[in-house]
Amino acid sequence: MFIPKEFRDILDKDMHLSGVVRSTVSLFKAIIQESKFDFFPEYTKHDSSHVEAVLSNARDLIGESLGLLNARDIAVLVLSILAHDLGMHLNFEGFNRLLKKERHEVIKEVDTLTWSQEWSKYVQESKKWSERKKQEIFGQKNVLLKEPSKDENEYTKTDKLFIGEFIRRHHSRMAHEIVLFNFPLDHENDIPFAIDLEFEIKDIIGFIGRSHGMDLRSTFTYLKDKHYDYRTPYTIKVIYLMVVLRISDYLHITPDRAPTRSVSITSFTSPISKLEWNLHQAIKDMTQNHEDPESLFINARPANSSEFLEIRSLLDGIQNELDLSWAILGEVYGRYNKLNNLKISIRRVRSNLDNRKYTDSLSYLPEKVMFDSVPEAIKLMVAPLYGGRSSYGVRELIQNAVDACSELEYLYHTRSVNIAYEPKIKVGIYQTDSEYYFQIEDNGIGMSAEVIIHYFFKVGSTYRNNINWKMNFTLDGDTQISRSGRFGVGVLAAFLLGDQIEVMTKNIDSEMGHYFRASLDDVQVEVNNIIDCSVGTTIRIKLNEKSLLELKEQVEHDYRSDRSEPAWFAWYMLNKPAIRYEFPDDWGREGFDKFYSIVGIDDWKGIEIQGLGLVLWKFNGVLSKQFFEQPLLCNGIIIPKGYKSRFPIYRAYPSFYKFPSIMVKDYESNMPLTLTRDELAGDGELPFEKELSQSLILDMMGKLVTLKMNTVGLGYNITYFRHPILRPQEKVDDLRKGSMKGEGLLVLSKKGYFLPHPHNIRKLKTNKIVRIWSKTTQELSYKIWSYLESAMVSTYSLSKSIELVKNELYEKSFMHDFRIVSNRIYLPKQLGLDLMNGKIKMRKDIWDKLKIEKEQEHMICIILNNPPPATIDDSFFESEDGLNVDTLIEIFIAPKKIRKYNKDDREKIERINKYFEEVLDHCFEEEVFIPYELKERRDKYPRAFEYLSEYI
């Protein structure tokens, strides 16, 4: 083993020390050379050439300070360099010997556990190692760890690597003990280290060897307690020698430590070991031959980002070590003559890695790229969050693609780019040999290097908070586009489909694109720069068996439509951007054909909601083939559990019998969705229910004032107004029930028509409403207004159903705010007689109050509760229209007290009624009737047509 001449010359001044050094070096050179490096089959070289390199580095590092060192200093330095890695040369027998409790006591000033105790602690700790940790050490995640056998013949490679990791952690302590207590060669024999030196000097040597694994300042206490001096015990410049050893060992990073031939023939298990070998190959030159005499320049050519980052980290570590070393040398020796000249020749480390021109020329991104959370934590979060369902992984990828297209479309618009941009997304499952891949491709905005590094891989982060995003997509602080992603966990859901994602992307403002593959366990993701790449993003995932079966099942078969989430191809329901789906040719398409549907929203009504965005709605607007309820969409993505409503409330007018399909353009991600975004948070009610109900009322009024009227006769199309929020008439005996509960029956008169809302009834200041049922298929004419002021006309025969007749007699209320005081009922004569003679069974309390007021040739008049005198002339029933009347009822009404409701219902009822009354007053002021002729309506109520213009 070669010792630098400069060191030998000083050693030769003390023949005793020179002899001890030479004999010890010779003895341990043989041990190192014969070492099989049993527990480190993949480590870089730690043989005698490493010791020689560190000695050579030490000589260069000492430089002009060599004249301040004596023979004892040099002897201690050489022997500590020799000892510092000796623990890594233990063989099987030596390691087992080390673990024996009786070998020697611990060095109590720095250690508390024996080797046997340390080993037990290590074995217990290993049971808690993460998959990533196992991957780093053993090259695979699914390793079943157990304490290795004591029989060398039973050792596996995993056992060797397991022991090697233990030795690596503690080899600096081993250096100290080997110097003091000899090197355990086998079961019985030890090799003494520097046998002719005093114990105190050996302790200094061993402690310097140990110090390369310790914090430098933490060594002071041991030296003071054990040797009463930490500057120059026994004239040894111990702190200075520690500095020299640490830096010299650090600087042995040249290719000779990992020869190319060894790399090419070694099969690496541990990715860290492979990286370590490649790192040394990447160091091309180290020199101090430049204008800065205290600077070391390192020329490196890392082949990928892992090597780049490792070298960058190494150089930073060296610089930190240099900074610390210079500081400590000043503290320890700065106040003492001559000793204050103890220096090292390097203060700074420079590298071509600092050169921006060089880094820009690389074919990869020289940045740390990985998922920034513990893989196990990510997996525990994602799988339970989405129930392990692959469909959610597809949803997250689709909504990201949709967002990307929306952003690019907006950018083209704001930049006035003269390009006919058509957003497109292609989603498919493709087969390659026996493997299946899910792939989604969009021509959206694409990802820049910044987005990939700082947002794509950062769990919980969102690019929406970035100043560049805000500059592009906000105006006066308000976001201008909708965006579905919100919690920063979307990309993780992609791993529900498979273990690795493959991404190719190019941002609209980037000169080149990027390509990478990533899994949750990767400690570094290699992001390569690519030139031949279109703007947009393509993501490809090899499907695991569970995902493949689930996705295929949904495409091929009519699976249960009551699932808690839609089929994976049915999440996005808008026709823009267009999404094209592709499947293997041998797959059936029954499920796809049944459940796939898209809609356009150009004709949907819109409401701007403060703090949320644009809410669009339409009745029957989304023809969802999978959900029975009208769906809720957020930025085009269906929310499977929809929304809840306390409507219909029959005590309100309108009662909101139905609510529409809703699509929210959520610009600020304020829609109150759960983390999985499959339902509304809280009680599931819409946060904009008030605004929506008001918009629905305006829509109903818009339809009412533009209602097409038949000017020939009073048919069903003129007597009844249909709107989804109005409760329809119910059915009894397959006929429409003629009760007052149907909210669309119009009040007609010579002046026009109106809805029988209590506010309109109050405006008329009337206590009577007339109901008429015509004979089957018979229409009444407008001539009836010669006999009647107003009436509600139903174009079917009430008398054909006894149940319908009894229902009218039992009715106690009229449109919520009024009670029925009394009735005058004109019925077909025979039916009336049967009723009065008891041939028709009915409630006795009603039957007892019925009286015959008068009889005519065809009709009979029955009264209930003594109504006011009749106002309808008997001649009406002999007229042409009167002969077509089946039943006529005069209903006398009076205000009633409103029953007590629960607080939520009462507030809703009051709010709806108040708003509807305000709309009626705004449109018609004190008037009630709407003329039959459209032109007359416009002339009479221009304010109404202007107010309702959005809904007409």
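Welcome to a quick tour that starts with a sheet: five strands, 5 in number, form an open sheet in the order β15-β16-β19-β17-β18, and their pairing is mixed. The two edge strands are β15 (605-609) and β18 (637-639), each of which pairs on one side only. Please keep in mind that this is a predicted model. Below you will also find a buried lysine and some aromatic pairs.

**The sheet and its helix**

- From one strand to the next, the twist of the sheet averages 25 degrees.
- Strand β17 (residues 632-634) pairs with β18 through 3 bridges, in the antiparallel sense.
- Within that stretch, leucine 632 sits opposite isoleucine 639 of β18.
- Helix α23 (residues 689-705) lies across β15, β16 (613-618) and β19 (661-666). Relative to β15, helix α23 runs at about 145 degrees.

**A lysine without a partner**

- Lysine 202 belongs to helix α9 (residues 199-211).
- This lysine 202 is buried, yet it has no salt bridge. Aspartate 196 has the nearest side chain of opposite charge, and it is 8.9 Å away. A salt bridge would need a nitrogen-to-oxygen distance within 4 Å.
- Leaving aside residues up to four places away in sequence, lysine 202 touches Val179, Leu180, Phe193, Ala194 and Leu197.

**Aromatic pairs**

- The count of aromatic pairs comes to 50.
- One of them joins phenylalanine 95 and tryptophan 119 in an edge-to-face arrangement, with 5.4 Å centre to centre and 75 degrees between the planes.
- That pair links distant parts of the chain, 24 residues apart: phenylalanine 95 is in helix α5 (residues 92-98), and tryptophan 119 is in helix α6 (residues 115-126).
- Both phenylalanine 95 and tryptophan 119 are buried.
- Tyrosine 753 and tyrosine 932 make a tilted pair, 6.2 Å centre to centre with 40 degrees between the planes.
- Tyrosine 753 lies in strand β23 (residues 753-754) and tyrosine 932 in the loop between α30 (903-924) and α31 (934-940), so this pair ties together parts that are 179 residues apart in sequence.
- Tyrosine 753 is buried, with a relative accessible area of 0%. Tyrosine 932 also counts as buried, because its relative accessibility is 12% and the cut-off for buried is under 20%.

**A cluster of rings**

- Ring pairs join a set of residues into a cluster that includes Phe39, Phe92, Phe95, Trp115, Trp119 and Tyr122.
- Trp129, Phe138, Tyr155, Phe162 and Phe166 also belong to this cluster.

Notes
Residues are numbered from 1 along each chain as its sequence is written. This is a predicted model: local features need pLDDT of at least 70, side-chain atom pairs count only at pLDDT 80 or more; totals for chains, interfaces and linings use all residues. Side-chain values use heavy atoms; hydrogens and water are left out. Two strands pair if DSSP finds at least two bridges between them. Helices (H or I, at least four residues) and strands (E, at least two) are DSSP runs, numbered from the N terminus. Axes are lines fitted to C-alpha atoms, for helices over the stretch in contact, and angles run from 0 to 180 degrees between N-to-C directions. Contact means heavy atoms within 4.5 Å. Buried means under 20% relative accessible area, exposed over 50%, partly exposed in between (1.4 Å probe, protein chains only). Lys and Arg count as positive and Asp and Glu as negative; His and the chain ends are not counted. Rings of Phe, Tyr and Trp (its six-membered ring) pair if their centres lie within 6.5 Å; planes under 30 degrees apart count as stacked, over 60 as edge-to-face and the rest as tilted.
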